[in-house]
Amino acid sequence: MLMMMNPNEMFMQFGSVIATIIFMKAIYEQYIPHQWRDSINSYLYRYTERIVKIFSPYNHISFDEYEGGKFKRSEAYTTIETYLSERISMKARGLKANFVKDGKSLVLGLADNEEVTDEFQGVKVWWNSRKTSSRSQTISFYPGNDEKRHYQLTFHSRHKKLITESYLTHILDQGKEIAIRRRQRKLFTNVNDSSSSYGGKSTLWSHIEFNHPATFDTLAMEKSKKQAIINDIVRFSNAKDYYKKIGKPWKRGYLLYGPPGTGKSTMIVVMANLLGYDIYDLELTAVKDNTQLRRLLIETSSKSIIVIEDIDCSLDLTGQRSSQMKEDKDKDNEDGKQEEEKDLVKKKMKEQLGEVKKSEVTLSGLLNFIDGIWSACGEERLIIFTTNYIEKLDPALIRKGRMDVHIELSYCSYEAFKVLAWNYLDVESHPLFERIKRLLEETKMTPADVGENLMPKLLELDVDACLENLVRALEKAREDDQLKVEQEEKEKLKAKVEELEEDENKLILI
Ligand SMILES: Nc1ncnc2c1ncn2[C@@H]1O[C@H](COP(=O)(O)OP(=O)(O)OP(=O)(O)O)[C@@H](O)[C@H]1O
Ligand SMILES: [Mg+2]
């Protein structure tokens with residue numbers, strides 16, 4: 001019939017069909033009560049959908065919001081919700097906003113009955129967020145519809161293998177990663193009685209929310225060295241199968257060493273921020289004994305960094321195995337004695353403050369903690385030691401397999417200074433940079449001190465004043481170094497003279 005009509009007639013016919021549909025819709029919305037319309041709509045939708053499905057070349061997979069009745073939210077649904085909200089909801093017209101757990105940030109997701117497309121290896125798929133409501137049979141405190149939500153994935157049946165074997169795994173992995181990045185991270189520290197509880201269980205760790213702004217971009221360090229560290233930790237965090245293949249626990253040790261104020265603690269923070277890990281700051285002197293040390297390790301969660309700062313003066317571990325080696329070294333290293341006294345004073349002060357209970361943690365307990373049988377409990381963990389004196393540490397403590405990567409954080413180089421100049425003053429070049437470069441080559445100044453000298457002292461930012469302030473500080477440090485060298489020369493000369501006088505006296509006596 002259609003073939004015989006001329007375009008005008010066809011247009012007229014088409015127009016009258018549309019007018020009839022609009023008229024029927026108006027009658028329907030006018031006279032059918034609202035609460036019936038929902039159920040009629042869902043019946044209509046369900047039956048049309050069934051008919052469409054029979055003839056359609058497309059497959060569908062549904063992911064219900066709840067599994068096992070109404071009580072347990074499906075993990076797959078939550079992960080897909082996270083994936084869609086981060087990856088593709090921006091393409092959708094209808095969005096809804098939810099708070100994430102910490103109640104601080106809003107997350108946008110797909111509004112109900114919204115459709116959005118995604119692409120995977122060149123294949124297009126469609127995601128629908130569906131809400132169906134049915135009169136609830138159960139007695140509920142909140143009479144009304146028993147709303148059920150689900151996501152529906154639609155794809156062409158010729159891509160069934162790719163979607164079911166790769167795409168679904170891909171979005172679940174991505175969704176989990178996004179969730180970890182979004183979760184509120186924690187900073188744990190050990191307490192020596194299980195008074196605190198976490199997740200409803202008593203634990204030896206107490207925690208606070210961890211929000212530290214430092215990133216690898218703000219860390220003052222040579223670019224190549226920084227990139228090598230980033231590659232190493234990112235490779236580690238993606239190496240679950242690799243560690244399984246080589247039969248090793250999925251953990252990696254880092255020893256950060258260098259003078260005070262060179263960024264060891266900052267490095268720990270930027271590593272945790274990059275990987276989205278929690279930090280367990282382990283104060284060894286507060287650990288009663290090896291058993292408690294093992295318990296602390298067992299209670300740490302995966303995707304975390306276990307930190308022992310200043311390992312050289314945490315416990316008297318170094319004296320337990322290499323006393324002979326230490327004595328030899330101290331003999332010909334006078335300032336070793338002063339350091340020794342300094343550490344002893346530090347420890348005595350802590351004991352007086354009652355901080356240092358007599359801890360019975362032994363070196364072997366610690367060695368096993370890091371790379372023994374116990375170290376295999378839990379996975380995806382970094383263990384980081386920091387120290388100002390690497391030479392004091394027992395070789396067994398820092399061998400490969402325990403401390404796999406040794407990273408020296410040292411005095412500020414010119415390249416590191418430029419990172420700080422950008423962080424503090426938003427400048428990438430300046431006439432004073434050449435002078436500062438030369439001074440940094442002649443003088444040792446830690447990034448902490450460089451940063452402090454760059455910090456604007458006035459309300460408004462005066463870049464020249466800040467850089468001039470740093471130049472003055474570097475020149476003063478250079479003078480102090482020269483004075484110190486002259487002083488040491490004088491000491492040596494004086495000691496030499498005394499030695500000669502002694503020999504002369506001996507000669508006279510003979
Ligand atoms: N390389 C760096 N990049 C950026 N900031 C740094 C760097 N090194 C030190 N700082 C700054 O100096 C301060 C001290 O740094 P940090 O605590 O990391 O030093 P540290 O090496 O851990 O010192 P210590 O050995 O005394 O514990 C921090 O506020 C940090 O912002
Ligand atoms: Mg530190």
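Predicted model: local features only at pLDDT ≥ 70, side-chain atom pairs only at ≥ 80, totals over all residues.

Colleague: Which residues of H8 are buried?

Modeller: In H8, which runs over residues 290–298, they are Gln292, Leu293, Leu296 and Leu297. They sit on the same side of H8, because the arc they cover around the axis is only 145 degrees.

Colleague: OK. What does aspartate 289 reach at the start of H8?

Modeller: One of the side-chain oxygens of aspartate 289 comes to within 3.2 Å of the backbone nitrogen of threonine 291.

Colleague: Let's zoom out. How many helices and strands does the chain have?

Modeller: There are 16 helices and 17 strands. The chain has 510 residues, and 37% of them are buried.

Colleague: And what share of the contacts join residues at least 24 apart?

Modeller: If you take contacts between residues at least 6 apart in sequence, 69% join residues at least 24 apart.

Colleague: Which of its residues are buried?

Modeller: For H5, the buried ones are Lys226, Ile229, Ile230, Asp232, Ile233, Phe236 and Ser237. Their arc around the axis is only 160 degrees, so they end up on the same side of H5. Lys223, Ser224 and Arg235 are exposed, on the face turned away from that buried side.

Colleague: What does the buried side of H5 pack against?

Modeller: Quite a list: helices H6 (240–245), H7 (264–275) and H13 (414–425), plus strands S13 (251–257), S16 (381–387) and S17 (405–408). S16 also turned up among the packing partners of H8's buried residues.

Colleague: Switching to the ligand. Which residues are closest to ligand 1?

Modeller: Ala220, Gly261, Lys264, Ser265 and Thr266 are the closest, out of 14 residues that surround ligand 1. H7 gives the most to that shell, with three residues, and both H7 and H15 supply at least two each.

Colleague: How far are the polar side-chain atoms of lysine 264 and threonine 266 from ligand 1's oxygen atoms?

Modeller: A polar side-chain atom of lysine 264 lies 2.7 Å from an oxygen atom of ligand 1. For threonine 266, the distance from a polar side-chain atom to a ligand oxygen is 2.5 Å. Glycine 261 uses its backbone: an N or O atom there is 2.9 Å from an oxygen atom of ligand 1. Ligand 1 has 620 Å² of accessible area on its own, and the protein covers 70% of it.

Colleague: Where's threonine 446, and is it buried or exposed?

Modeller: Threonine 446 is in the loop between helix H14 (433–442) and helix H15 (447–454). It counts as buried, because its relative accessible area is 8%, under the 20% cut-off. Beyond its neighbours within four places in sequence, threonine 446 contacts Pro260, Gly261, Thr262, Tyr411 and Cys412.

Colleague: And serine 74, where is that found?

Modeller: In the loop between strand S3 (72–73) and helix H3 (75–87). Serine 74 is buried too, at 6% relative accessibility. Its side chain has a polar atom 3.2 Å from the backbone nitrogen of alanine 76, and the side chain also reaches the backbone nitrogen of tyrosine 77 at 3.0 Å. Not counting residues up to four places away, serine 74 touches Asp64, Glu65, Tyr66 and Glu67.

Colleague: Last one: which strand is phenylalanine 63 in?

Modeller: Strand S1, residues 58–64. Phenylalanine 63 is buried at 14% relative accessibility. Histidine 150 is 87 residues away along the chain, yet the two C-alpha atoms are separated by 5.3 Å. Contacts of phenylalanine 63 outside its four-place sequence neighbourhood include Tyr77, Trp127, His150 and Leu168.

Notes
Residues numbered from 1 in each chain as written. Chains lettered and ligands numbered in written order. Heavy atoms only, no water. Buried < 20%, exposed > 50% of the residue type's maximum accessible area, 1.4 Å probe, protein only. Helix = DSSP H or I, 4+ residues; strand = E, 2+ residues; numbered from the N terminus. Arc of directions from axis to C-beta. Contact = heavy atoms within 4.5 Å. Near = heavy atom within 4 Å. Polar contact = N/O pair within 3.5 Å; in protein donor to acceptor, adjacent residues only side chain to side chain. Areas by Shrake-Rupley, 256 points an atom, 1.4 Å probe, with all protein chains shown as cover.
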